[in-house]
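Subject: Structure handover

Hello,

Here is the structure you asked for. My notes on it follow below.

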Amino acid sequence: MDYKRSIIITGGAGFIGSHVVRLFANKYPDYKIICLDALTYAGNLANLKDVEEKPNYRFVKMDICDFDAVYALMQQEQVDGIIHLAAESHVDRSIKDPFTFARTNVLGTLSLLQAARLYWESLPEKYEGKRFYHISTDEVYGALEMTCPEGVEPPFTTKASSGKRHLAYGERFFTEDMKYQPHSPYSAAKASSDHFVRAFHDTYGLPVVVTNCSNNYGPYQFPEKLIPLFINNIRHRKPLPVYGKGENVRDWLYVEDHARAIDLIFHEGQDGDTYNIGGFNEWKNIDLIRVLIATVDRLLGRPEGADDDLITFVTDRAGHDLRYAIDSTKLQKELGWEPSLQFEEGIEKTVRWYLDHQDWLDNVTSGDYQKYYETMYAGR
Ligand code: NAD
Ligand code: TYD
């Protein structure tokens, strides 16, 4: 079949990537969707079981740092779009092993940019109809202050989004024109990759678009991240390691809402532009953790408060950013995107999914899986 478009989605076997692959493969049967993933510890083909038989889907195991292989794949598949999500994504790992983050997030992105540029420049129509979409994070902006006065409940209400009031812990938000001030090796590597993407636009005219999204939650997230880790620990009555006092604030978005935003921006975003993605949904970690405990206990039929004593305050993360809060007004106004789920609904769906998919959790936390990862990365 002649496909209308041919798109590589990097990191498609990871958490967010698998939702993007699923959305595109189902919604656009006339697009060829190529999932390019190195299958690190975070990549898992079980995340894509329901799309693997689709005729418009292909999986390619490849390292984004392998420039020759990426270039050859682009030629072979006559790729006209790249949606780039592949990355090392966990802050705690970046503190232990910053080199891997620089390699994948910076050099890997550079390798993709260069392959896209050289391949597209070799075509008669050059950049016409092409798009390089880079997925970044709000963490590149650094940390915001908390100006919400102590003891005020509900938290400081300050700003309207789509006519709704929302809760915020401070007056400032991350906007697209904000200065980059990354603090962790993870966010420093992401920031660096964002700069390379914009440099390729400004220097070579590569048709790029960049988005910076807040924390995602939902099915298929690797259980080293707060929400899946804690759901699994509550179920098994294991301690919940809360960093510091649990006062840090994160802005949470349901992963399918992120995937919908990516679809919209891939098709309608302006070349060279940046969009922040977030649902105006700030939570202090400790409050979120209490919601998780209450939801897991309710769904498992345990008495209220049965697992509150699992909360264990531990040494804070080094350089722990205090508050993230995205202002997505531009995306809402210019492209008409809105989050579809209320947080309560999203959390309930997410907790149910993890409770119903213990096999998935057991598989990704099993010794065999970890051994595979260690072998793959030995000697790096
Ligand atoms: P993830 O860790 O779940 O998945 C990353 C994927 O990239 C995995 O499938 C992994 O195998 C693959 N990968 C890693 N190194 C690779 C390499 N060298 N070559 C090819 N593939 C490689 O990450 P995620 O949480 O799904 O995040 C996806 C993207 O979204 C990242 O770029 C991240 O910075 C960004 N982001 C994440 C969040 C979040 O809350 N998770 C928020 C905003 C932005
Ligand atoms: P995480 O899911 O690692 O995302 P990020 O650091 O990229 O925001 O962590 C979310 C928040 O939860 C963050 O403030 C750190 C905190 N946290 C804990 O308190 N304990 C944990 O075990 C983890 C993994 C995170």
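The shell around ligand 2 is made up of eight nonpolar, five polar and five charged residues. In this count Ala, Val, Leu, Ile, Met, Phe, Trp, Tyr, Cys and Pro are nonpolar, Asp, Glu, Lys and Arg are charged, and the others, Gly among them, are polar. The shell comprises 18 residues, the closest being E139, P241, R250, R317 and H320; a residue belongs to it if one of its heavy atoms lies within 4 Å of the ligand.

This is a predicted model, in which local features need pLDDT of at least 70 and side-chain atom pairs count only at pLDDT 80 or more, while totals for chains, interfaces and linings use all residues. Residues are numbered from 1 along each chain as its sequence is written, chains are lettered from A and ligands numbered from 1 in the order in which they are written, and side-chain values use heavy atoms, with hydrogens and water left out.

Two elements, α6 (226–235) and β10 (240–243), each supply at least two residues of the shell around ligand 2. Helices (H or I, at least four residues) and strands (E, at least two) are DSSP runs, numbered from the N terminus.

The side chain of R317 has an N or O atom 2.5 Å from an oxygen atom of the ligand. For H320, a polar side-chain atom is 2.7 Å from a ligand oxygen. P241 uses a polar backbone atom, 2.7 Å from a nitrogen atom of ligand 2. Of the 510 Å² of accessible area that ligand 2 has on its own, the protein covers 97% (Shrake-Rupley method, 1.4 Å probe; for residues, only the protein chains shown count as cover).

One residue to look at is T109, in helix α4 (residues 98–121). T109 is buried, at 1% relative accessible area (buried is under 20%, exposed over 50%, partly exposed in between; 1.4 Å probe, protein chains only). Its side chain makes a polar contact of 2.9 Å with the side chain of H84.

Of its 380 residues, 56% count as buried. The accessible surface comes to about 16300 Å², and carbon and sulfur atoms hold 51% of that.

Regards

Terms used
A polar contact is a pair of N or O atoms within 3.5 Å; within protein, one must be able to donate a hydrogen and the other to accept it, and residues adjacent in sequence count only if both atoms are side-chain atoms.
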